[in-house]
Amino acid sequence: MQNTLFFGHMDAAELMFYIFALFFLGLVIWLRREDRREGYPLETDVGGHLLNNDGLLQMATPKTFHLPFDQGSVTTPTKGRESIDVPNARRTAPWAGSPLEPTGSGIGAGVGPGAWAARSDTPDLTHEGQPRIVPIGGTGIVVEGRDPDPRGMKVLGVDGAVAGTVADLWVDRSEMMIRYLDVSVGDKSVLLPMTMALVDRRRGVVHCSALKGSQFAGAPGVAKAGIVTRLEEEKITAYFGSGYLYSSPGRSEPYL
């Protein structure tokens, strides 16, 4: 019988096991280092001081990602770009992990369901490099004939008050779906996220359970007509999202 021992009492199967174990350990270390990019390094909850995440088993070396269509580059981990000031909020308690609460009206305060991330202030693009979310006119996209067309409908807030009238639709040219309703509120145009709107075919109105009718006017707008950036999308969605908790005092109180 052929001897399979390499040295001592180690045979081929045992050697392969050790090789696999070392490879797997190295893979786990590499993965744990790589997943500490977005949102790292960490910072303390109370003081905002950066925690020391350096070391072999902690932070990976910085990596630069070159964005398409001449949009620059992004380097991760995002050291030096972690903190975003939330001026209209305070901590409910001094210990680590305590939540933030708004100091005034929670609508648009940037906390809780109204929190937003500092995304790039550039529009999301299609594979062809064109703005992805745009008004429906000129895109070739139409509302399916069997579906109600919201344009011209009144928008009602959670209190039943009229917030404005749907003037246009903003569509996603990559997904072929409506993303926002362009609502005329006085002399201002407000983008209402379609996910927070309900079209009532029978009554011919649009319901929004996020905000009261009077609160629509305070929604963030867009800087350039016909273009919405990623950062603007974050702030718009966060503004409407904050209404689910802060649009009225009763929503932020416990049921019992």
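Val 171 pairs up with Ile 178, its bridge partner in β8, and that pairing belongs to a run of seven bridges joining β7 to β8. The two strands run antiparallel and form a hairpin with four residues between them. This is a predicted model, so keep that in mind as you look around. The protein chain as a whole has two helices and eleven strands, and in sequence order the strands come between the two helices, in the pattern α-β-β-β-β-β-β-β-β-β-β-β-α.

**Strands around β7**

- Besides β8, strand β7 (162-172) also teams up with β6 (residues 154-156), through three antiparallel bridges.
- Val 155 has Gly 164 in β7 as its bridge partner.
- β6 and β7 make a hairpin too, with five residues between them.
- Gly 160 sits in the turn of that hairpin, with a positive phi of about 85°.
- β5 is another antiparallel partner of β7, again joined by three bridges.
- Over there, Pro 135 stands opposite Trp 170 in β7.

**Two non-glycine residues with positive phi**

- Which residue in the turn between β7 and β8 has a positive phi? That's Met 176, at about 55°, and Met 176 is not a glycine.
- Met 176 is exposed, because its relative accessible area of 56% is over the 50% cut-off.
- Asp 70 is the other one to look at: a positive phi of about 55°, and not a glycine either.
- You'll find Asp 70 in the loop between β1 (63-66) and β2 (73-76).
- Is Asp 70 buried or exposed? At 82% relative accessibility, Asp 70 counts as exposed.

**Helix α2**

- α2 covers residues 230-246, which is 17 residues.
- How many of the 17 residues of α2 are buried? Twelve are, so the helix is mostly covered.
- Among the buried ones are Leu 231, Ile 236, Ala 238, Gly 241 and Tyr 246.
- Arg 230, Glu 232 and Glu 233 are on the buried list as well.
- What do the buried residues of α2 pack against? Four strands: β4 (100-102), β5 (133-135), β8 (177-185) and β9 (188-193).

**Aromatic rings**

- Searching the whole structure turns up four aromatic pairs.
- One of them is Tyr 239 with Phe 240, an edge-to-face pair at 6.0 Å centre to centre and 80° between the planes.
- Both residues lie in α2 and are buried.
- Tyr 239 counts as buried because its 9% relative accessibility is under the 20% cut-off.
- Phe 240 counts as buried too, at 0% relative accessibility.
- Ring pairs also bring in Phe 216, giving a cluster of Phe 216, Tyr 239 and Phe 240.
- Lys 235 lies over the face of Trp 116, at 4.9 Å from the ring centre.

**The chain overall**

- Of the 256 residues in the protein chain, 30% are buried.
- For contacts with a separation of 6 or more, 54% are between residues 24 or more positions apart.
- The accessible surface of the protein chain comes to about 16100 Å², and carbon and sulfur atoms account for 58% of it.

Notes
Residues are numbered from 1 along each chain as its sequence is written. This is a predicted model: local features need pLDDT of at least 70, side-chain atom pairs count only at pLDDT 80 or more; totals for chains, interfaces and linings use all residues. Side-chain values use heavy atoms; hydrogens and water are left out. Buried means under 20% relative accessible area, exposed over 50%, partly exposed in between (1.4 Å probe, protein chains only). Contact means heavy atoms within 4.5 Å. Accessible areas come from the Shrake-Rupley method with a 1.4 Å probe; for residues, only the protein chains shown count as cover. Rings of Phe, Tyr and Trp (its six-membered ring) pair if their centres lie within 6.5 Å; planes under 30 degrees apart count as stacked, over 60 as edge-to-face and the rest as tilted. A charge sits over a ring if NZ of Lys or CZ of Arg is within 6 Å of the ring centre and within 35 degrees of the ring normal. The expected span of a helix is 1.5 Å times one less than its number of residues. Two strands pair if DSSP finds at least two bridges between them.
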